[in-house]
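Hello,

Here is the structure we talked about, handed over for you to look at. My notes on it follow below.

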Amino acid sequence: MQLGPLLVVVLSVFAAATAVLVWLGRLGAWHSIATAAVRATVQLGAVSLLITAVLHSGWLTAAFVLMMFTVASVTSARRFGTWSDTVWSAAAIAAGVAPPLAALILSGLVPATPVAVVPIAGILIGGAMTATTLAGRRALDELKTRHGEYEAALALGLLPRDATLLICRPSAGQALVPALDQTRTVGLVTLPGAFVGVLLGGASPMQAGATQLVVLVSLLLVEAVAVLVIVELIAGQRVQSAGSS
């Protein structure tokens with residue numbers, strides 16, 4: 001990718017076109033597109049300047065991964081609940097990410113080096129964040145729109161947890177659809193970043209494919225655990241409020 005004025009122009013046109021389409025189509029707040037584009041530019045610029053130092057220090061790598069986890073937790077909480085729900089989104093994301101990431105590193109499939117840990121941790125945390133957000137929003141929306149069914153289930157003798165799970169579990173499970181589709185169509189529709197990155201790094205196509213397969217299957221596990229945990233937290237009435245869009 002060549003840096004220069006042309007890159008700035010293309011990105012600006014794309015972002016502006018997206019904002020206009022969102023506004024015309026009444027798909028949401030158009031300014032959120034501009035905000036997201038600006039934030040992405042600033043954040044990637046900062047990371048580009050810091051990444052060399054991060055990848056040469058174990059402590060900085062750990063701090064960087066912790067920062068990714070914190071931002072993901074706060075972002076997810078604000079989407080399905082409130083700031084006070086950050087602890088619950090963090091619990092869901094951590095439950096999904098920590099065991100698979102530890103297993104990959106301890107088994108040696110992912111080298112215990114910053115250059116390997118940072119991207120894998122980022123991919124898994126990002127997947128868990130998305131799944132937690134989608135599952136939380138869907139579950140809370142379903143409980144709101146089907147509150148009468150929830151009350152009826154209670155009247156029939158179901159405990160609050162069981163009544164909640166009866167209503168929201170199927171819809172929350174839809175949060176896994178993006179990861180499932182990505183896994184089902186890999187190589188046929190998309191060539192994900194891990195595959196291309198490893199290939200460009202000099203590895204063989206088979207090694208690149210194996211790396212991508214590890215990432216995709218790990219993501220399925222990470223997101224499934226995150227969805228289950230956030231649904232259980234909602235069923236336990238830890239999370240009860242709908243968030244911002």
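Pocket and helix contacts

By class, the residues lining the largest pocket are 17 nonpolar, 10 polar and 3 charged. Keep in mind that this is a predicted model.

The volume of the largest pocket is about 1,200 Å³. Its lining has 30 residues, and those closest to the centre of the pocket are Arg39, Gln43, Val71, Thr75 and Met129. To find the lining in the viewer, start with α2 (31-54), α3 (58-80) and α5 (114-145), each of which supplies at least two of the lining residues. The largest share comes from α2, with 12 residues.

Next, the contact of α4 with α5. Helix α4 covers residues 86-107, and its axis comes within 9 Å of the axis of α5, with the two crossing at roughly 145 degrees. This crossing is right-handed. On the α4 side, the residues in contact are Ser89, Ala92, Ile93, Val97, Leu101, Leu104 and Ile105. They meet Val117, Ile120, Ala121, Leu124, Ile125, Ala128, Met129 and Thr132 in α5. Sorted by class, the residues of this contact are 13 nonpolar and 2 polar, with no charged ones.

The crossing of α6 with α7 is right-handed. From α6, the residues in contact are Glu149, Tyr150, Ala153 and Leu154, and they meet Pro160, Ala163, Thr164, Leu166 and Ile167 in α7. By class, this contact has 7 nonpolar residues, 1 polar and 1 charged.

Regards

How values were computed
Residues numbered from 1 in each chain as written. Predicted model: local features only at pLDDT ≥ 70, side-chain atom pairs only at ≥ 80, totals over all residues. Heavy atoms only, no water. Left-handed = near helix turned anticlockwise from the far one by under 90°. Helix = DSSP H or I, 4+ residues; strand = E, 2+ residues; numbered from the N terminus. Contact = heavy atoms within 4.5 Å. Nonpolar A, V, L, I, M, F, W, Y, C, P; charged D, E, K, R; others polar. 1 Å grid on protein atoms, 1.4 Å probe; cavity = no way out; pocket = protein on both sides within 12 Å on 5 of 7 lines; lining within 4 Å. Points joined across faces, edges and corners; volume = space filled by probe spheres on them. Axes fitted to C-alpha atoms, helices over the stretch in contact; angles between N-to-C directions.
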